[in-house]
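Trainee: Before we start on the helices and the sheet, could you show me the model?

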Amino acid sequence: MVLDNLGSSLRGTLSTLQGKSRLSEEDVAEVVKEIQRSLLQADVDVSLVMELSDSIEQRALDEDPPAGTSARDHVLRIVYEEMVSLIGESTEIPLESQTILLAGLQGSGKTTSAAKMAWWFSKKGLRPAVIQTDTFRPGAYDQAKQMCERAEVEFYGDPDADDPVQIARDGLAATDDCDVHIVDTAGRHALEAELIDEIEEIDRLVDPDISLLVLDAAIGQGASDQAKEFERAIGIDGVAITKLDGTAKGGGALAAVNETDSTIAFLGTGETVQDVERFEPSGFISRLLGMGDLKQLSERVERAMEETQAQEEDWEPEDLMKGQFTLNDMRKQMQAMNRMGPLDQVIDMIPGFGGNIRDQLPDDAMDITQDRLRDFDVIMDSMTDEELEQPRSVGADRVRRIARGSGQSQERVRELLEQHRMMEQMLKQFQGMGDSDMQRMMKKMDNKGGGLGGMGPF
Ligand SMILES: Nc1nc2c(ncn2[C@@H]2O[C@H](COP(=O)(O)OP(=O)(O)OP(=O)(O)O)[C@@H](O)[C@H]2O)c(=O)[nH]1
C-alpha cells in the first residue's frame with residue numbers, strides 16, 4: 001500500500017482510543033502529537049502539520065460526538081476530514097475526447113504514466129493513443145512502445161525523427177480515429193530554457209485540453225516548488241504524482257501540490273501499466289486510515305468480472321451459488337482476483353479489512369499469498385479434468401503424482417485441496433444467507449478487527 005508507514009502510524013494512534021466513550025484533553029493531545037509525528041515523517045511541511053493538528057485538537061475538544069458515536073470514531077471522522085482537506089481536490093478529467101500533454105523532469109515517470117493513463121482510459125471504454133515525442137533520451141521510443149503494447153493501447157512514435165513537434169503533428173494525424181491523445185514529452189534534469197521552448201512549441205501545435213506535470217513523489221515537499229515552476233513556465237492544469245509505492249515522503253508531495261494552484265489527477269503506484277489510480281482524496285485518505293475504499297474496490301471488481309466473463313463464455317456465476325464449486329471455478333475466481341490488481345491494494349479497499357490486516361500481517365504476507373496463487377495455478381495444470389471437476393477424488397497416490405508433475409510439494413497440493421474445501425464451505429454458508437445475514441457477517445468481521453481469520457481470499 002502506498003504511504004504504508006503513514007497509514008499504519010495513524011491507525012495505531014487512533015486504535016489507542018478504542019473503547020473510550022469520552023476524550024480527556026490528555027487523550028486528544030497524545031493523539032495529535034502522534035499525528036504530527038507521522039505527518040512530519042511523511043515529509044509534510046511543518047506549517048501544514050501545525051495547522052492540521054490545531055484544527056483536529058480544537059474540533060475534537062469542542063465538537064460533541066454525535067449520539068451513539070464512540071470517541072475513536074468521532075476523532076477518526078475529524079482526522080479523516082482534515083486529512084482530505086490537507087491533500088486537496090482532484091483534477092477534473094472528463095471521460096470524453098481530449099488531448100493531454102505530459103511534462104516533467106527527467107525520470108519523473110512521464111513515459112510510464114502516459115501508458116498507465118492510456119490503460120486507465122481504455123478501461124473506461126475510451127480509445128486512447130500515446131504519442132511519444134521524446135527525441136532527447138535514447139530508448140524512450142522503445143520503452144513507450146513496449147508499455148503501450150502491454151497496455152493494449154494505440155501508440156505513435158518515430159525513432160528516426162529528431163523534431164518532436166513534427167512527431168506530435170504526425171502522431172495526431174496518424175491516431176486521428178482515437179479519442180484521447182496523450183502526448184509524452186522529453187524530460188531534462190532541470191526546467192531549463194531548452195525544455196521550456198520545446199514544450200511550448202508542442203503545446204502550441206497540440207493545443208492540449210489538459211497539461212499535466214508528472215512528478216516523482218520522492219521529492220516530498222519539493223513538489224511545491226516544481227509545480228510552481230512548471231505553472232509559471234508553461235501553465236499546468238494538474239499533477240500526476242508517481243512512485244508513491246517507492247517512498248515514505250509521498251504525503252509531503254500530496255500536501256505540497258495542494259499548496260499550489262494545482263490539483264492532483266493521477267497517482268502512480270508501481271511499474272506496471274495497471275499501477276495507476278485516479279486521485280480520489282476521500283478514497284485515498286479512507287484507505288490510509290484503514291476505512292477501506294468501496295468506490296475503487298467496486299471499480300476493480302467490475303473490471304475484473306467483465307474481463308473474466310469476456311474470456312469464459314461457459315462460466316455461469318450462479319453455478320457457484322448452487323454449490324457446484326470445482327477447482328476450475330476456483331481458478332476463475334483466482335484469475336478474477338488477479339485482474340483486480342495486487343492483493344495488498346485490493347485488501348486495503350475492503351472496509352474493516354485493509355489497515356487492520358496490514359498491521360497484523362508480516363510484511364511479506366501479501367507476496368506469500370501471490371506466490372501461493374501461482375503455485376496453485378501450476379498444480380491445477382497437472383491435474384486431470386476429472387480431478388479438477390471432482391477434487392474430492394484426489395487421494396494420496398494422486399497427490400504424489402500431481403506434486404511430481406507440477407514440481408510442487410505434496411504439502412502444497414494438499415493446501416490447494418484444503419483451500420478449495422474452505423471456499424466451497426464458505427459458499428455453502430453464503431448460499432443460505434439473505435442480505436441481512438451477509439451484512440451481519442461483514443459487521444462481525446469488521447468488529448473482529450477485520451482479521452483474515454481463515455476467511456482470507458486465499
Ligand atoms: N516503483 C515505481 N516506479 C515507477 C513508477 N512510475 C515510473 N517508474 C519508474 O521510474 C523510471 C522512470 O520512468 P519513465 O517513465 O521512464 O520516466 P520519464 O519521465 O519518461 O523519463 P525521461 O523520459 O528520461 O524524461 C522507470 O524505471 C519506471 O519504471 C511508479 O509509480 N512506481
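Mentor: A crossing is left-handed if the near helix is turned anticlockwise from the far one by less than a right angle, and right-handed if clockwise. This is a predicted model, in which local features need pLDDT of at least 70, side-chain atom pairs count only at pLDDT 80 or more, and totals for chains, interfaces and linings use all residues. Residues are numbered from 1 along each chain as its sequence is written, and side-chain values use heavy atoms, with hydrogens and water left out.

Trainee: What average pLDDT does the chain have?

Mentor: pLDDT is the predictor's confidence in each residue, from 0 to 100. Of the residues, 84% score at least 70. Over residues 448-458 pLDDT stays under 50. The chain average is a pLDDT of 84.

Trainee: Is the crossing of α2 and α3 left-handed or right-handed?

Mentor: Helices (H or I, at least four residues) and strands (E, at least two) are DSSP runs, numbered from the N terminus. Axes are lines fitted to C-alpha atoms, for helices over the stretch in contact, and angles run from 0 to 180 degrees between N-to-C directions. The axes of α2 (residues 25-41) and α3 (residues 46-62) come within 10 Å and cross at roughly 155°. The crossing of α2 with α3 is right-handed.

Trainee: How many nonpolar residues are in the contact of α2 with α3?

Mentor: Contact means heavy atoms within 4.5 Å. The contact includes V28, V32 and L39 of α2 and V49, L52 and I56 of α3. Ala, Val, Leu, Ile, Met, Phe, Trp, Tyr, Cys and Pro count as nonpolar, Asp, Glu, Lys and Arg as charged, and the others, Gly among them, as polar. Two polar and two charged residues take part, and the nonpolar ones number 13.

Trainee: How are α1 and α4 oriented to each other?

Mentor: The axes of α1 (residues 4-15) and α4 (residues 71-87) come within 10 Å and cross at roughly 150°. Angles under 35 degrees count as roughly parallel, over 145 as roughly antiparallel, 65 to 115 as roughly perpendicular and the rest as oblique. The crossing of α1 and α4 is right-handed. By angle, α1 is therefore to α4 roughly antiparallel.

Trainee: Which residues of α1 meet α4?

Mentor: On the α4 side the residues are R72, V75, L76, V79 and M83. By class, this contact of α1 with α4 has six nonpolar, one polar and one charged residues. From α1 come L10, L14 and S15.

Trainee: Which residues of α10 make the contact with α4?

Mentor: The axes of α4 and α10 (residues 250-258) come within 7 Å and cross at roughly 65°. That makes α4 roughly perpendicular to α10. S85, L86 and I87 of α4 meet, in α10, L254, A255 and N258.

Trainee: Which strands stand at the edges of the sheet?

Mentor: Two strands pair if DSSP finds at least two bridges between them. The open sheet has eight strands in the order β3-β2-β4-β1-β5-β6-β7-β8, with mixed pairing. Each edge strand has a single partner, so one side of each is left without a neighbour in the sheet. The edge strands are β3 (154-156) and β8 (276-278).

Trainee: What is the bridge partner of I131 in β4?

Mentor: β2 (residues 128-132) and β4 (residues 180-184) run parallel and are joined by five bridges. The partner of I131 in β4 is V183.

Trainee: At what angle to β1 does α8 run?

Mentor: α8 (residues 193-206) lies across β1 (98-103), β4 and β5 (210-216). Its angle to β1 is about 180°.
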